[in-house]
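Trainee: I am new to this structure and would like to learn how to read its features. Could we go through them one at a time?

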Amino acid sequence: MSNPAPSATIGKPGAAGKAAPLPPKALSFLSAPAKPKEFTKKELIHMFRGLGSMLRAQINTADALKYYGQGLPNKGMADALFKIREEIGAGVSVHEAFRRSGRFSEMIVGLIQAGADAGQLHQAFGALATRLSSEAHFNKAIKKATVMPSVIIAVLTTAFIVSQCKIVPQVETMLKGVNQKPDGLTAIAFNVSHTTQAVWPFVILGIIGTAITIWQSDKVRNFILGFAMSKWRLLRQMIMSLRQMTFLSTIKLLHSNGINLAKSIRVSANSVKGTPFYRELLEAADKYEGSGVPLSTAFSKYTSVDSQVVHMLSIGEKSASLDGQLQMLCEMYEEDATNCMATFTASISFIVLLIAVGLIAAVFIGTFLPIFLMGPKMMQSGI
């Protein structure tokens, strides 16, 4: 007689000596598929440019997805586009098909929905390519301003720790071997070495732990960024310019394609999700739509945008030129962000230079100063 197939179990045995079955929630968790990874900005830029160009050539969406997916080196994207095409053929709306793939952010899905609703899907794809290109440019500039300086400081810090834990102790041992007692700056250098040897593991672990916490927690990241922005005016100008340029350009794109303002604001909020602007924009959209207050008033009372934004929105409402004012604001904040980025990069480079000089000086002083100061005594003891 054959034995029954074993069921999923946990380690703790039940009353009959058999392992108890896993609860349904645990089974569903274990069997849940991993969330698909979103595509890179570079891949999305190429894709939306290609799809937009085909739609402008009067090729329907399903065929455009088919033609673009054929021969793609990225098999993951090719498979995703094939599934999207199948769902569109089955009667699913374009934006819902993109959403179901799990490969695109809510901001992208919202823009696709707005473009489809307005009958301007090709413009939505083209605008997404332009928008993502701008984001990629600024992300590259931010990485250039922060990643390389961080690497330089890390390398120099490692050199300082090695010198204090390996080289300076050898110098101290050499001096003790000739019965010379360190004094003055030499004694200070050795004390710094002793302190460094005692605390450096805890300092490094603290830095790593802090970095992981900041990376994993939006609240911690926003708190630190908010504190830094409150203390450094240049950083605040740069971040605020980037954020306002981001959601204003989205509102302009949607509104110019016939999407009502309340919906445009809600979709644009997804482009700054994870920042204080996200909740503020949603509240402003609700008040604008539900209470009937002017757009400029909703932005003034319920968001932390610059007063210039409120002023230009007010002019746009009064003169029926809201699209023009939004375009002007987008260009203004893009220019501000570019200028602030250049100044920020120069400032970071100067700060890194000062830190590098300090670390190099610390390595030199801690390693070679004791030798220079104790050299005459060592020579006298040898005599």
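Trainee: At what angle do the axes of helix α7 and helix α8 cross?

Mentor: Two packed helices are described by the angle between their axes and the distance between the axes. In this predicted model, the axes of α7 (residues 121–177) and α8 (residues 185–216) cross at roughly 140° and come within 9 Å. The two helices are therefore oblique to each other. The crossing of α7 with α8 is left-handed.

Trainee: Which residues of α7 and α8 meet?

Mentor: On α7 they include Phe 160, Ile 161, Val 168 and Leu 175, and on α8 they include Phe 190, Val 192, Trp 200 and Ile 204.

Trainee: Is the crossing of α2 and α3 right-handed or left-handed?

Mentor: Right-handed. The axes of α2 (residues 41–56) and α3 (residues 61–69) come within 9 Å, crossing at roughly 135°, so this pair is oblique. Among the residues in contact are Met 47, Leu 51 and Met 54 of α2, with Ala 64, Leu 65 and Tyr 68 of α3.

Trainee: How many salt bridges does the count come to?

Mentor: Side chains of opposite charge can pair when their charged atoms come close. Here the count comes to five. Glu 87 lies in helix α4 (residues 75–89) and Arg 100 in helix α5 (residues 94–101), 13 residues apart.

Trainee: Which residues make the nonpolar surface patch?

Mentor: Trp 232, Phe 350, Ile 351, Leu 353, Leu 354, Ile 355 and Val 357 make a patch of about 640 Å². Of these, Leu 353 is placed in helix α15 (residues 322–382).

Key: Residues are numbered from 1 along each chain as its sequence is written. This is a predicted model: local features need pLDDT of at least 70, side-chain atom pairs count only at pLDDT 80 or more; totals for chains, interfaces and linings use all residues. Side-chain values use heavy atoms; hydrogens and water are left out. Patches are made of residues with over 30% relative accessible area and no salt bridge: like charges are joined within 9 Å, nonpolar side chains (Val, Leu, Ile, Met, Phe, Trp, Tyr) within 5 Å. Accessible areas come from the Shrake-Rupley method with a 1.4 Å probe; for residues, only the protein chains shown count as cover. A salt bridge is a side-chain nitrogen of Lys or Arg within 4 Å of a carboxyl oxygen of Asp or Glu. Helices (H or I, at least four residues) and strands (E, at least two) are DSSP runs, numbered from the N terminus. Axes are lines fitted to C-alpha atoms, for helices over the stretch in contact, and angles run from 0 to 180 degrees between N-to-C directions. Angles under 35 degrees count as roughly parallel, over 145 as roughly antiparallel, 65 to 115 as roughly perpendicular and the rest as oblique. A crossing is left-handed if the near helix is turned anticlockwise from the far one by less than a right angle, and right-handed if clockwise. Contact means heavy atoms within 4.5 Å.
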